[in-house]
Amino acid sequence: MIEAAEYQQRRQALMEKIGSGTAIFRSAPMAVMHNDVEYTFRQDSDFYYLTGFNEPNAVAVFAPHHEEHQFVLFVQPKDPEKEVWTGYRMGVEGAKERYGADEAYPISELEEKLPQYLIKASCIYYHVGRDRQFNETVLTHWQQLMRTYPKRGTGPVAIQDSGTILHPLRLVKSPAELQLMRKAAEISVKAHIHAQEFAQPGRYEYEIQAEMEHLFRLQGGNGFAYPSIVASGANSCILHYIENDRQLQENDLLLIDAGCAYGYYNADITRTFPISGAFTPEQQTIYDLVLEAQKQAVAQVQPGNPYSKIHETAVRVLVEGLMEIGLLVGDIEEIIKEEKYKPFYMHRTGHWLGLDVHDVGVYQNGEDPQNLQPGNVLTVEPGIYIGLETKPVEGQPEIPDCWRGIGVRIEDDVLVTPDGHEVLTAGVPK
């Protein structure tokens with residue numbers, strides 16, 4: 001659980017960075033599943049990171065230059081008739097008492113009240129997102145203030161994406177965040193181990209999925225962190241396969257990419273294993289190659305190392321192995337530079353992990369690398385996918401049928417520590 005004091009520290013860190021600016025964050029919308037049936041609400045991650053407030057139709061404003069109200073929430077007011085249908089609301093007073101807002105207003109007063117928090121700001125920090133109507137609201141206020149700027153000589157002369165300020169803060173996890181991520185990993189590990197024990201020829205992919213997602217909720221998780229991938233046979237060569245409707249067969253590989261969300265934080269694990277208990281020779285060769293690539297890539301997770309070194313290490317191991325078995329030929333440096341390995345390995349070796357599965361934060365700073373620092377959490381997930389219709393690039397050999405239909409990915413969640421790294425998901429066998 002994230003305590004109120006930590007949310008306050010996060011807001012203070014943001015306001016120190018924006019100085020004389022004003023930052024505006026919009027809550028996530030209610031998403032419609034079909035007709036008038038809505039998905040379970042999931043708050044926007046930036047909004048949640050700064051407030052912990054978990055209701056839709058809200059706006060958070062941060063104005064460190066304002067004399068009285070540095071943190072302001074606009075929320076849905078209490079309405080017993082509507083709350084009978086959609087659940088209890090915190091309301092205006094609750095926004096102040098429970099969430100520490102200096103001031104709170106009904107969301108209906110946003111147009112009237114917002115200008116007082118912008119008129120003396122040097123810059124507006126706002127992410128132009130998918131809510132076009134609210135984008136227009138912010139832009140309209142900015143345009144109006146710019147038209148009257150010559151009379152005052154004050155006001156926001158620019159709009160900057162709030163992510164450039166906030167996301168570097170989110171990139172380094174606090175002890176409280178890591179506690180939630182460890183719990184998400186712990187639950188996910190249990191589910192993967194259960195899946196390996198439960199899977200057998202004759203079962204269906206969706207049965208494995210149901211067993212895992214049942215455990216996610218049974219263990220106190222919010223549910224799955226992303227749609228679970230349970231891919232048997234040639235389905236393992238489809239990166240984001242989610243149909244999960246094939247029956248498992250003898251000699252199949254089963255690739256499971258699934259993770260639990262816990263307290264809004266996520267785990268992300270992939271394992272690939274033989275359903276019948278033993279690899280074929282070709283499956284074993286590819287699996288061993290991917291496992292070696294992952295081991296060497298994980299070893300590069302060290303504070304101060306450039307993020308790019310993880311992918312570069314994995315690619316070199318994979319290319320060397322593919323050359324050894326004759327699926328790639330030529331000069332290794334040329335193959336890597338010209339990405340001739342892409343038919344077999346088409347994605348990067350990982351991503352940041354946290355409140356979002358593909359968490360925020362840059363991977364490169366222009367010409368300069370993004371170096372790893374303690375508190376970063378990332379996935380390391382090399383793979384090889386030789387689909388039934390995979391075609392090599394020009395000049396590379398044809399693919400023998402014995403290799404086709406083999407897809408292997410191995411993924412762990414790795415924390416950068418002051419003196420190295422910790423694999424949070426090491427409990428799932430490899």
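**A chat about strands, pockets and cysteines**

Visitor: What is the strand order in the open sheet of three strands?

Guide: The order in that open sheet is β10-β11-β14, with antiparallel pairing; strands here are DSSP runs (E, at least two residues) numbered from the N terminus, and two of them pair if DSSP finds at least two bridges between them. This is a predicted model, in which local features need pLDDT of at least 70, side-chain atom pairs count only at pLDDT 80 or more, and totals for chains, interfaces and linings use all residues. Residues are numbered from 1 along each chain as its sequence is written, and side-chain values use heavy atoms, with hydrogens and water left out.

Visitor: Which strands are at the edges?

Guide: Those are β10 (229–232) and β14 (269–274), each of which pairs on one side only. Strand β11, residues 253–258, pairs with β14 in the antiparallel sense over six bridges, and within that pair Ile256 stands opposite Arg271 in β14.

Visitor: Why do the side chains end up on two sides?

Guide: In a regular strand the side chains alternate between the two faces of the sheet.

Visitor: And which strands does β4 pair with?

Guide: Strand β1 (residues 22–26) pairs with β4 in the antiparallel sense over four bridges, and there Arg26 stands opposite Val59. Four bridges also join β4 to β5 (residues 71–75), again running antiparallel, and in β5 the bridge partner of Ala60 is Leu73.

Visitor: New topic: how big is the second largest pocket?

Guide: Its volume is about 540 Å³, taken as the space filled by probe spheres set on grid points that are joined across faces, edges and corners. On a 1 Å grid over the protein atoms alone, a pocket is an open set of points with protein on both sides within 12 Å along at least five of seven lines, a cavity is a set where a 1.4 Å probe fits but cannot get out, and lining residues have an atom within 4 Å of a point.

Visitor: What lines that pocket?

Guide: Of its 19 lining residues, the closest to the centre are Met1, Ile2, Tyr7, Tyr48 and Gly52. The elements giving two or more residues are α1 (4–18) and α2 (45–51), helices being DSSP runs of H or I with at least four residues, and α1 gives the largest share, five residues.

Visitor: How many cavities are there of 30 Å³ or more?

Guide: The structure holds one, and the largest cavity has about 40 Å³ of space, lined by Tyr307, Ile310, His311, Arg348, Thr349, Gly350 and Thr379.

Visitor: Last one: how many disulfides does the count give?

Guide: The count comes to zero, a disulfide being a pair of cysteine sulfur atoms within 2.5 Å.
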